[in-house]
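Subject: Structure handover and notes

Dear colleague,

Please find the structure below. My notes on pockets, cavities, ring contacts and backbone geometry follow it.

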Amino acid sequence: MDYKALIFGQEGTGFPGKTYVEAVLEPAFNEAKNHLLDPMMAINKAHLIMLREQELITDDEAKRIARALNGLDLEELRRSAYTGQFEDLFFQVESRLLELAPDVAGNLHLARSRNDMGITIYRMVLREKLLVTLASALYLKEHLLLFAEEHAETIMIGYTHTQQAQPTTMAHYILAATDLLGRDIQRLRQAYRTCNRNPMGAAALTTSGFSISRNRMTELLGFDELVENSYDAVCGADYLGEVATAVQLAAINMGRVVQDMLQWCTQEFGVLKVAPPYVQISSIMPQKRNPVSFEHMRSLLSSSAGNATTVLTMMHNTPFGDIVDTEDDMQPYAWRSMSVLEQMYRLMACVVGTMEVNKDGLLERAYGSFATVTELADTLVRTDRLSFRNSHHIVSRVVKEASQAGLAANQISLELVNRAAKDLLGKELLITEEELRQALDPVHFVRIRSLPGGPNPDESRRGIAARRSSLQEEAAWLNQSRQKIADAMQLLDQITAEWSVGG
């Protein structure tokens, strides 16, 4: 049997082959219908306006092309199925335009290529998705700050190496998570700045001999800057890599906090109680309140990080040129990673904003924990002018003997402390019973740690206020960025609509 003839019989002898359609072209066409059509039309309108302003086409040609552009049935295009008649959505749109304005629509492609158009479309899609993701990140930040304010005086034990370390507050922990999110927001904003640059005018690779205005295209499409070097404009994919890197790190960072909170929901920790809208019951165990919202966040954030990793992996070792690896195939993974991250930001805000904290249980645990004894060692330095190392040795002996005797931290006696001091230093200490009790008090521990960034409630409230100010700046930037794009798109529609009815 002629295996080549068999394949041709199944696949066809002309472009595109059946399996190529199923595996590549049809999925890409469907993605394009859903994500790329609107920015494609915006580029068509902007390019038309620029060509007319540069007097590369006549007024009559511009008006006829404008009527063709506004005569396209975009909803019909979105409903259309891939037939193989056209390689992709770009050629299908171009064919419709030629039907509507057969003599002049071809001039719309003057001094441009699918190369610069494609990269510009992707940048426009990415910038919109970045703004949506950033809006949800700010929504989460707002709710974290509200939660922190509510728990500025909620004492809890902080952990290092998974072991009880020192007393702190819930607000102190949440502010740390907020600052982590704040840095993710800054990285996403920087990714937006890198992304929101205009490649149009690069054409296939080397610009054009026609006197087009790349700067005018930058203005018309609402970009902040121009990608100046035309080779870089169509070949540099790092704008997408930067987005993927920022999203990947943001998903990982949020996942670490989710892991803590999921653990805190266990009966053994007894810290958090998730509100009814975000828990599920067991089909067999009546007592169960499964915090599935946190579980889904944990797994879905991993999928977000994974899709972002896929983008970076697909970029690895690709040539520095115009290639589909960095265009059609990679973009959907970036979109999915951002979509999941954006959804998890909103879900996290809702769960955190409604969950209950076991304040009394946390405080009781802190009173019985040896997490306070760092302050006892500090106190001995103050009362007896010991070196911290000697003080550390005494307190270590006290903790060891108290643990062996089954005592909690708040049951440590002055006698026990002095016995350890005599064994190690040969003398009793000057510390009083009152000073001992204060040194072992977790509330005192937190209150005196009022250095910048410490857990002192007033310091936490200062930190919350400062972060609220940054949130206001971030929200203002987001609104300005959205408005700039909206104004640019509105102007495109307004000008081409006027041209459509004129002449």
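Helices (H or I, at least four residues) and strands (E, at least two) are DSSP runs, numbered from the N terminus. The model is predicted, so local features need pLDDT of at least 70 and side-chain atom pairs count only at pLDDT 80 or more, while totals for chains, interfaces and linings use all residues. Residues are numbered from 1 along each chain as its sequence is written, and side-chain values use heavy atoms, with hydrogens and water left out.

Pockets

The search runs on a 1 Å grid over the protein atoms alone: a pocket is an open set of points with protein on both sides within 12 Å along at least five of seven lines, a cavity is a set where a 1.4 Å probe fits but cannot get out, and lining residues have an atom within 4 Å of a point. Points are joined across faces, edges and corners, and a volume is the space filled by probe spheres set on them. For residue classes, Ala, Val, Leu, Ile, Met, Phe, Trp, Tyr, Cys and Pro count as nonpolar, Asp, Glu, Lys and Arg as charged, and the others, Gly among them, as polar.

The largest pocket holds about 740 Å³. At least two lining residues each come from β1, β2 (163-169), α8 and α11, and α11 has the largest share, with seven. There are 27 lining residues, and those nearest the centre are G158, Y159, T160, Y173 and D260. By class, 14 are nonpolar, 10 polar and three charged.

The second largest pocket has a volume of about 610 Å³. It is lined by 28 residues, with D88, R114, Y122, E327 and D328 closest to the centre. Two or more residues each are supplied by α2, α6, α7 and α13, and α2 gives the most, seven. This lining has 17 nonpolar, three polar and eight charged residues.

Cavities

Four cavities of 30 Å³ or more were found in the whole structure. The largest cavity has a volume of about 110 Å³. Its lining counts 14 residues, and L140, A177, L181, M254 and V257 lie nearest the centre. Elements giving two or more residues to this lining are α7 (114-150), α8 (170-195), α11 (238-264) and α13 (331-354). Of the lining residues of the largest cavity, 12 are nonpolar, one is polar and one is charged.

Rings

Rings of Phe, Tyr and Trp (its six-membered ring) pair if their centres lie within 6.5 Å; planes under 30 degrees apart count as stacked, over 60 as edge-to-face and the rest as tilted. The whole structure has seven aromatic pairs. One of them is Y159 with F269, which is tilted because the planes stand at 45 degrees, with the ring centres 6.0 Å apart. Y159 is in strand β1 (residues 155-160) and F269 in the loop between α11 and β5 (272-273), so this pair ties together parts 110 residues apart in sequence. On accessibility, buried means under 20% relative accessible area, exposed over 50%, and partly exposed in between (1.4 Å probe, protein chains only). Y159 is partly exposed at 35%, and F269 is buried at 18%.

Y192 and W477 make an edge-to-face pair, 5.3 Å centre to centre and with 85 degrees between the planes. Helix α8 carries Y192 and helix α20 (residues 457-501) carries W477, so the pair ties together parts 285 residues apart in sequence. Both residues, Y192 and W477, are buried.

A charge sits over a ring if NZ of Lys or CZ of Arg is within 6 Å of the ring centre and within 35 degrees of the ring normal. R123 places its charged end over the ring of Y239, 4.2 Å from the centre.

Backbone

F15 and P16 are joined by a cis peptide bond, with omega about 0 degrees; P16 is in the loop between α1 and α2 (18-35). E55, not a glycine, has a positive phi of about 60 degrees. E55 is in the loop between α3 and α4 (59-71) and is exposed, at 67% relative accessible area.

Regards
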